[in-house]
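Here is a short report on one structure. It starts with charged side chains and then turns to strands and helices.

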Amino acid sequence: MINRDHTVIFIMGTSGTGKSTIGKLLSKELSLPFFDGDDFHSKEHIQKMASGVSLDDDDRFGWLTRLNELAKNQLITNNCIIACSALKEKYRDLLSNGIEKNVKWVFLNGSIDQVHERLKNREPHFMPITLLKSQFDIIEAPNNALQIDIGLSPEEIVHLIKEEFLNKAVFGLIGLGVMGKSLSLNLAKNGFKISIYNRHVSGLEENVALNFKKEYDVLSDALPFDELEGFVNSLQKPRKIMLMVNAGNAIDMVIENIIPYLSEGDILIDGGNSNYIHTKERFDYLKSKKIHFIGAGVSGGEEGALNGPSIMPGGDKDIYKVVQPFLETIAAKDENNLPCSAYIGNEGSGHFVKMVHNGIEYVEMQLLAEVLSILKATGNNLAQISTILKSWKLGSDSYLLDITIKILRKKDGEDWLIDKIMDKAGNKGTGNWATIAAAQLGVPSTLIASALFARYTSFYKEDRINLQKKYGKEHIGLHLDLLNDEVLNAYQFSRIINHYQGFNLISEAAKTYKWDLNLSEIARIWTNGCIIKSDLMRTMVAILKETDNILIDESFVKQIKSLKPSANHVISQCIMNELAIPCFSEAVNFLNNFSTANSTANLIQAQRDYFGAHTYQRIDDDTEKFYHTDWK
Ligand code: 6PG
């Protein structure tokens, strides 16, 4: 077992950049063992290079694997330093394979002329100068290395490395609200040395970071700041900084304020619920400044952030790799102990997927609210309802079902707390954006829209009070005649439709925006840590490997067919009794509509053509030609 506090420092760069010199000097100063990668070449390799032929990828494979094993062995008991050219990304992947969290890179960087000059003066070496060009031809600059100019003296370089690795933090967090604080504690708990920043607002937010650090022993190593320059300078390069501030203008303000202190190649991660379109704009803007940007959806609320959230990062894949060890360490783990964090795709796709997560969440919440209405209307009190819901956990369990049971059992003095809560549902925008996105993409995400509009309707409290008097709905529920199992079936039916629509929205967005998204993997990272984790989500993982359309999966076809009669009955009973169930009824309507081969949309087309000459296609002409009729 590798000690996670141990580190291997790889010093990389082309031949002649001084890797061995720096490695030895650093090894002396830090009292750490040093290994020169050159000493691990086989005789054949040395002969090959000495004869002026450079090694190919196959040759290098064995050598890099040996160095990886060396690093792993050292890490069991010790830190160490290894010099190795590691010119390509895939070589570095091989070197750090399995020890990603323990590796630090130093890239000794110089121009070919600079290196050429130095090689002329170096002691005899098996690598002829003629091979230098081939090295410069293939080198891929690393995204995750401390880059140092070889123009500096060895002492200066070693001083820089020590400064960076010994005293600086590996990850920074901006914004110490509930989520920012929980993520900070999560990172610190996992052994990362972090820097934390919260703005200073006189009289309102003073010494927030410092006071937060003082509150928790686990933060004893953390570096607290309330000014950005010090915060940025306290971080190892390339800096990895997570913004946990309110979505919207606050993000842009922080970005503007921090840019002057950042260096090329630094990485900002927006962990808030940002709009995916803004994420793409910020990504492009920061790219123009040579700063990387990752838009990461983070789900799980305060508890998830603290103990393991589900994380949905989008942006450049190679940049994700740099922050991957941090995100994967703090993320929740799925049933196979894999992290509930995975690279989603380009640009704003991470925030898009989080937005759809929230859309699904809105529907799941609304369905449970409708279940509450129905079960009340069939004559149950809150204690009975929570008992019924508890019995649903067997087979239909979810985080939201679980918290609903707890909420229904919460007392406020002698009364139930739920009865004292004003029935006006708030929102912070993600359900709204999901509905807008669905409309823009032309995707029928009708349940998300229904759940959103149900929240909006709830806000018209005054109107509802007045209209209830006018329409005389005083006796709701008295006639509802339903079995609890029917309600459960209708609930499960609606949830399947909800999950179909959510994943369909993601799949359609992926086609339009040309994102290469993996739906099964998205379902997997939603099996733990997030608000919509559930038994159902776990079954989706395998099904989405086979198809993007869960409605054609045979096991779902069977389930839907057996649940639908209950859904029909529940909905018709509710409608006859004037009980509002917008999501339940939309689920049934949607499937009825979506499984109708010949619809009356032909009339819509005819009407459009009648008043606007919008033309129509004919079912007896498969050339897809458009027709217009003079209807008068
Ligand atoms: C989560 C939640 C979280 C929050 C949203 C929804 O995944 O942890 O979705 O992000 O609850 O902000 O909030 P609204 O209901 O206020 O829109």
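The count of salt bridges comes to 29, where a salt bridge is a side-chain nitrogen of Lys or Arg within 4 Å of a carboxyl oxygen of Asp or Glu. Side chains of opposite charge can pair when their charged atoms come close. This is a predicted model: local features need pLDDT of at least 70, side-chain atom pairs count only at pLDDT 80 or more, and totals for chains, interfaces and linings use all residues. Residues are numbered from 1 along each chain as its sequence is written, and side-chain values use heavy atoms, with hydrogens and water left out.

## Salt bridges

| Asp59 | Lys48 | 2.6 Å |

Take the pair Asp59 and Lys48. Asp59 lies in helix H3 (residues 57-77) and Lys48 in helix H2 (residues 43-50), so their bridge ties together parts that are eleven residues apart in sequence. Helices here are DSSP runs of H or I with at least four residues, strands are runs of E with at least two, and both are numbered from the N terminus.

Is Asp59 buried or exposed? Asp59 is buried, with a relative accessible area of 18%. Buried means under 20% relative accessible area, exposed over 50%, and partly exposed in between, using a 1.4 Å probe and protein chains only.

In the second pair, Asp397 is partly exposed at 21% relative accessibility. Lys393 is partly exposed too, at 23%.

Asp535 and Arg538 are three residues apart in helix H23 (residues 535-546), a separation of about one helical turn. Arg538 is partly exposed, at 35% relative accessibility.

Salt bridges also form a network, which links Glu89, Arg92, Asp93 and Lys321.

## Strands

Five strands make an open sheet with parallel pairing, in the order S2-S3-S1-S4-S5. Two strands pair if DSSP finds at least two bridges between them. Strand S2 (34-36) and strand S5 (145-149) are the edges, each pairing on one side only. From one strand to the next, the twist averages 20 degrees.

Within this sheet, strand S1 (residues 8-12) runs parallel to strand S3 (residues 80-83), and four bridges join them. Ile9 stands opposite Ile81 in S3. Helix H7 (residues 154-167) packs on the sheet, touching S1, strand S4 (103-109) and S5. The direction of H7 makes about 155 degrees with that of S5. Such angles run from 0 to 180 degrees between N-to-C directions, and axes are lines fitted to C-alpha atoms, for helices over the stretch in contact.

Strands S6 (residues 171-174) and S7 also run parallel, joined by four bridges. Here Phe171 stands opposite Ile194 in S7. Strand S7 (residues 194-197) is covered on both faces. Ile194 and Ile196 are buried on one side, Ser195 and Tyr197 on the other.

## A helix pair

How do helices H24 and H25 meet? The axes of helix H24 (residues 554-576) and helix H25 (residues 582-594) come within 10 Å and cross at roughly 130 degrees. Contact (heavy atoms within 4.5 Å) involves Ile560, Lys564, Ala567, Asn568 and Ile571 of H24. On the H25 side it involves Phe584, Ser585, Val588, Leu591 and Asn592.
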